[in-house]
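Dear colleague,

Please find the structure below, followed by an account of what was found in it. I would be grateful if you could read the two together.

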Amino acid sequence: MTTTSPDHVPADHDLSGVSLDERIGLLSGADYWNTRAVPAAGIPALMLSDGPHGIRAQYEGGDNLGLAASVASTCFPTAVTLAASWSPELVREVGAAVGAEARALGVDVVLGPGLNLKRHPFCGRNFEYYSEDPLVSGLLAAAAVEGIQSQGAGACVKHFAVNNQEGYRYTVDAIVDERTLRELYLRGFERAVRAAAPATVMAAYNLINGEHATDSHRLLSTILRDEWGFDGVVMSDWGAEADRVAGVAAGMDLEMPGGADTSGDVRAAHDSGLLTAEQIATAAGRVAALSRRLERARATVPASTMDALLEPHDALARRAAAQSTVVLRNEADVLPLTPGARIALIGAFADTPRYQGSGSSLVTPTRLTTALEALRDAGFDVTSSPGYEPERSGDDPALIAAAVEVARGAETAVVMVGLPPIAESEGFDRETLALPPQHDALVRAVAAVAQRTVVVLSLGSAVQLPWRDEVDAILVTHLGGQASGGAVADVLLGTVEPAGRLTETWFASVDDIAATPFFPGTPHQVQYREGVFVGYRHATTAGVAVPYPFGAGLGYGRTRWSDASLSGTTIAIGGRVTVSVAVENVGPRPTTELVQVYLHDTTGVVLRPRRELVGFARATLAPGERRVVEVPVAADDLRFWDVRSNSWQLPTGQAALEVARDAATVEAVLPVVLEGTVIDSAEPPASEAIAVSDAAFERRLGRSIPGEPARRPYTRDTTLAVLRRTLAGKLLWLGIRSAAKKAEDAFSDEVSRAMYERTVQEMPIRGLAQLTSGQVSWGTVDAVVALANRRPFAALRHALRRPPR
Ligand code: BGC
């Protein structure tokens, strides 16, 4: 821990000459995107910008929902897309490119990567996250951090932690047992923090087991700093800080955005002894250290101009998107297509691409290549038809009929469908696994008349494909960034091998997902009753057959695997083994294969998922080439979280490592003995996989399930939707309605309007002070709350309160 005693303060943290008020000032932003400077003490201001797949720099004003304009930057493929490459090298390369653009645009900290676990495919923000598996998420996030920071910019891993849904994100309390928390929801963060030392971590909006993430000393200090060794700055998500004084005490150094002045609260807490000068100095010292370190880092890595980066980064975005494309089906090797082939290109996404998601990550691209242009440029003879309206994709039989005419008799129809922007976004969750009915109907209608049908999917998360056996090929491009159109052409032509593999399970039905009955909960509580049984962990344990398992993807190649072996027959605590398997390319093209290794723990110490990913490796092979692929597996990654000793433990006993193509396709089983701690059983005998009954959930939590919070008295945390039921809330609404309406009308598109509307309803009332750059004062917020509580005199006192210095 950083000590603040004058003799031991590291130079970067040194606050000599910085007054108490200046120290307090460092604990919140200067405005929407900048931190405060103390020039006399050599503490520069920092500019922070989203993130993660491109830079969303706003130099004047700003908003955190992606609504107002930002300067152009390369829109790289989103996290879901890049994750499908399973390539830390590629993620690092893109991270470095994002870092270079940050530098070129004067941005010091990139607000990414996001690595929340995909608990459920409905989370509206899954496109910004990597995986349902913490090993994949953690490794890729670490690579992104390394890439960004290699350019002298700082990264920010977010949203710490358990922010796995958009609905109720500002108020929901995630009730999750310790083992699940450690093994799934914290594990990716732990890996990224330990491996890549991110400059900053962003504390999430939600609560975890009754505590706001922003105010949790256990999360932000005990776990993050003391256990994992994090030595950077924790900042709040925008408007997430629930109680600034509690936040400072917890280790939440920097409140963002600035504008809502909480320095008066911190000063008062200091004066009354609630916060010590040392606590303030510790947090301020960390902010000072970050500013100084980044200033130094900038000096060591030369910055480029955006002009110099445009071409190479557009090319990188294209290569990354193509390489990350997942082939789910390719009957009779219909793909790649013959150069110059005649194709019927169906689907509005061909001309109006769906290439990124809405919200804070929305980037203004430097250019945009559509699939229509790129396929024509690549020499295909293309006729096209939209088939649906791209924004909402409501039912429209006439558009299908027109598309069918274009596709009729076509040798190859390429149908681009997926999720329209309104279906998935920051700010709200999906409600169905299905594609819009218009898209399903279009695919079926085209497949019925075309000789061969190739479906190209643009979307940010898993969906159902009811027509999957009626088409010849299926490509998943996810949300491939500004060059995704070019990437589609490269993949259809086969100039780039589509080497992607899914990093989340595509279930046949939402009822097959263990978390479904418990997602998204109520505005104030979501119970993680499925425990560790998320995604493939559930599918493999419960024997749920899925159309496209975690890890699935065909590429264009064909490989034969043989001679799987282990470097040793035992694994001891702290040790490692190497899994080897010979992979032979038996197809006519170069190909990239992914070897996955799963643990099957049969020690019986604790109820574990049937399969848990413990390692993977990629290999690119020339036709006819045979190579031994090695996958190192560390004993540390075979551990479980033992709730009795409150620590990671390697069990003792027989287990197996499974060498697999995906979570459902095992090529070889390698027995191994785990030589860990001798534990009889770390669990009560009746432990169930999914805690359906309250009693089972309480056993797992080790306490009773908390009740919903009392609605009254109203507090700063009460949402506007609830307050509007009171007279005070109605009055407030009258006061701000026209401003809110004006803001809403300013958004040109429906998704932004939907997101804004949800935000206004679901945000705690404190957000009015926190997210309006000081336009609404804390006095006003507190007055409304007091009035709603029928305390008119207190309300008057608050209304007349002078803003803090
Ligand atoms: C998002 C963050 C983002 C921040 C700033 C928040 O609403 O949750 O991911 O970095 O806004 O735009």
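The largest pocket holds about 840 Å³ of space. A pocket here is an open set of points on a 1 Å grid over the protein atoms alone, where a 1.4 Å probe fits, with protein on both sides within 12 Å along at least five of seven lines; lining residues have an atom within 4 Å of a point. The volume is the space filled by probe spheres set on the points.

This is a predicted model, in which local features need pLDDT of at least 70 and side-chain atom pairs count only at pLDDT 80 or more, while totals for chains, interfaces and linings use all residues. Residues are numbered from 1 along each chain as its sequence is written, and side-chain values use heavy atoms, leaving out hydrogens and water.

Of the 28 residues lining the largest pocket, Ala739, Ala743, Tyr756, Leu771 and Thr772 lie nearest its centre. Helices H19, H20 and H21 (766-770) each supply at least two lining residues (helices are DSSP runs of H or I, at least four residues). H19 gives the most, with eight.

H19 (residues 727-746) and H20 (residues 750-762) pack at about 160°, with axes 11 Å apart (axes are lines fitted to C-alpha atoms over the stretch in contact; angles run from 0 to 180 degrees between N-to-C directions). H19 is therefore roughly antiparallel to H20 (an angle over 145 degrees). Trp733, Ala740, Ala743 and Glu744 in H19 meet Arg753, Tyr756, Glu757 and Val760 in H20 (heavy atoms within 4.5 Å).

Yours sincerely

Notes
Parallel < 35°, antiparallel > 145°, perpendicular 65-115°, else oblique.
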